[in-house]
Amino acid sequence: MTSKRIQKNATAKPVQRRHAGRIGLALAGGGPLGAVYEIGALAALEESIEGLDLNDASIYVGISAGGIIAAGLANGITPHDMCRLFVESDMGEPHEELFKPEMLLRPAWEEFSIRAAAFPILLAGGLLHYATRRGKTTLTSSLERLKAVLPTGIFSGEGIHEFMQQSFAAAGRTNDFRELKQKLVIVATDLDSGEAVRFGRAGWDHVPISKAAQASAAVPGLFPPVEIGGRYFVDGALRKTLHASIALEEEVDILVCVNPIVPYNARSLHKPGKLAQGGLLAVLSQTLRAIIHSRVEIGMSNYMVNYPETDILLVEPSTEDADMFFTNLFSYNSRRRMCENAYQNTRMMLWQRRKEIGPLLERNGLRLKLPVLRDSSLTLVKKPVTDKEDRFGLQRLNDTLNSLERHLKIAAG
């Protein structure tokens, strides 16, 4: 978050304390990496801001991975619960459905089989076309139709749908947009028209939340388009990064935006050429990050002009955070480290910019908990302990006591 962005909004209106201000939350995508960052950042925000209840926002807007997190919040799952389910997913209770990144690597067998079955027909059609138009076309041109054999995605997105469906089957939760207490909108893109579709709005609120989230997270090339009602949907970020205007249209008093994807400033820690040495994937990743982030900057500028009565708090990782670029999300230790970094870096940002952010929050009946921000002992992610290491359960007892002490500190802040 840039101080210029906050200052512009912070000085636009006199400091007046509001009560029961309407809060909106807009979460961008970013894959598993983005989800882990958002969990850590949201946990830090809720702990550090008095009056902020992220399970009681007026409206939630989510794109891709942000849609999964937004759906969890709307269902009453706290950021700390998500940390346990998503990040510390080898430490949950036996009855809980835990998120395993491996579920995202299931091959799209159904897609592969459909394409393979079409190959003989397409090949025969191409050869027939060449034979009947000999001299008028080339073999290469006739066989061009074989490009339809290429699968539309490598991995199946069904794991997302199945995980969320089972998670929301628990008591007090729902997989139905219409049964939520708060408004939830998950955005996906109609592949055939390029239209952004708002699942959760009238006409699209009958679609299960889990299916809408799967569609919104269907990154082209990685996951096949998701068929819903005869239409095919892909990643909601194709049109916009945040779709924050959906929440702004609800006339919220303060909008909290979290965008995990920023370009990495390799010059601060490495010699020039570091990313180029990383090969094609590193170059593509940096390129996409720069494009996505530029759209966020343009969007924020427009929002402040078009919605001057709404305060906007944008939370992003530092461009110098190497973990956001190089972390292996399929490693438990890496996920824990990145989530903890997101938590601590967000706390640090709130402390460093408290003079700018404080008035913005106070206008909306919120307040920074400065003692909590000053407390360097607070952490989010627990150290994993095996049964062999903790044969008598003393470490788990110690963790429970530490957790109690932590909650008391935050409550007193």
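Which helices do the buried residues of α4 pack against? The buried residues of α4 pack against α2 (31-48), α3, α7 and α12 (332-352).

## About the model

This is a predicted model, in which local features need pLDDT of at least 70 and side-chain atom pairs count only at pLDDT 80 or more, while totals for chains, interfaces and linings use all residues. Residues are numbered from 1 along each chain as its sequence is written, and side-chain values use heavy atoms, with hydrogens and water left out.

Let's begin with α4. Its buried residues are Pro79, Met82, Cys83, Leu85, Phe86 and Val87. Here "buried" stands for under 20% relative accessible area, "exposed" for over 50%, and "partly exposed" for in between (1.4 Å probe, protein chains only). The names of helices and strands come from DSSP runs, numbered from the N terminus: helices are H or I with at least four residues, and strands are E with at least two.

Now look at α3 (residues 65-74) beside α4 (residues 79-87): their axes come within 10 Å and cross at roughly 125 degrees. The axes are lines fitted to C-alpha atoms, for helices over the stretch in contact, and angles run from 0 to 180 degrees between N-to-C directions. Angles under 35 degrees count as roughly parallel, over 145 as roughly antiparallel, 65 to 115 as roughly perpendicular and the rest as oblique. The two helices, α3 and α4, are therefore oblique to each other. On the α3 side, Ile68, Ile69, Gly72 and Leu73 meet Pro79, Met82 and Phe86 of α4, where contact means heavy atoms within 4.5 Å. The residues of this contact divide into six nonpolar, one polar and no charged. In this grouping, Ala, Val, Leu, Ile, Met, Phe, Trp, Tyr, Cys and Pro are nonpolar, Asp, Glu, Lys and Arg are charged, and the others, Gly among them, are polar.

## Salt bridges

Side chains of opposite charge can pair when their charged atoms come close. A salt bridge is counted when a side-chain nitrogen of Lys or Arg is within 4 Å of a carboxyl oxygen of Asp or Glu. By this rule there are 13 salt bridges. One of them joins the side chains of Asp176 and Arg178, at 3.1 Å from N to O. Asp176 is buried at 17% relative accessibility, whereas Arg178 is exposed at 52%.

Another salt bridge links Arg231 and Asp190, at 2.6 Å from N to O. Arg231 sits in strand β7 (residues 231-234) and Asp190 in strand β4 (residues 183-190), so this pair ties together parts that are 41 residues apart in sequence. Arg231 is partly exposed at 27%, and Asp190 is buried at 4%. Arg363 and Asp311 also meet in a salt bridge, at 2.6 Å from N to O. Arg363 lies in the loop between α13 (354-362) and β10 (367-368) and Asp311 in strand β9 (residues 311-315), so the pair ties together parts that are 52 residues apart in sequence. Arg363 is buried at 1%, and Asp311 is buried at 0%. Salt bridges that share partners also join Lys183, Arg201 and Glu250 into one network.

## A glycine in a loop

Finally, find Gly157 in the loop between α6 (139-142) and α7 (158-167). Gly157 is buried, with 9% relative accessibility. Leaving aside residues up to four places away in sequence, Gly157 touches Gln214 and Phe223. Gly157 and Leu105 are 52 residues apart in sequence and 8.7 Å apart in space, C-alpha to C-alpha.
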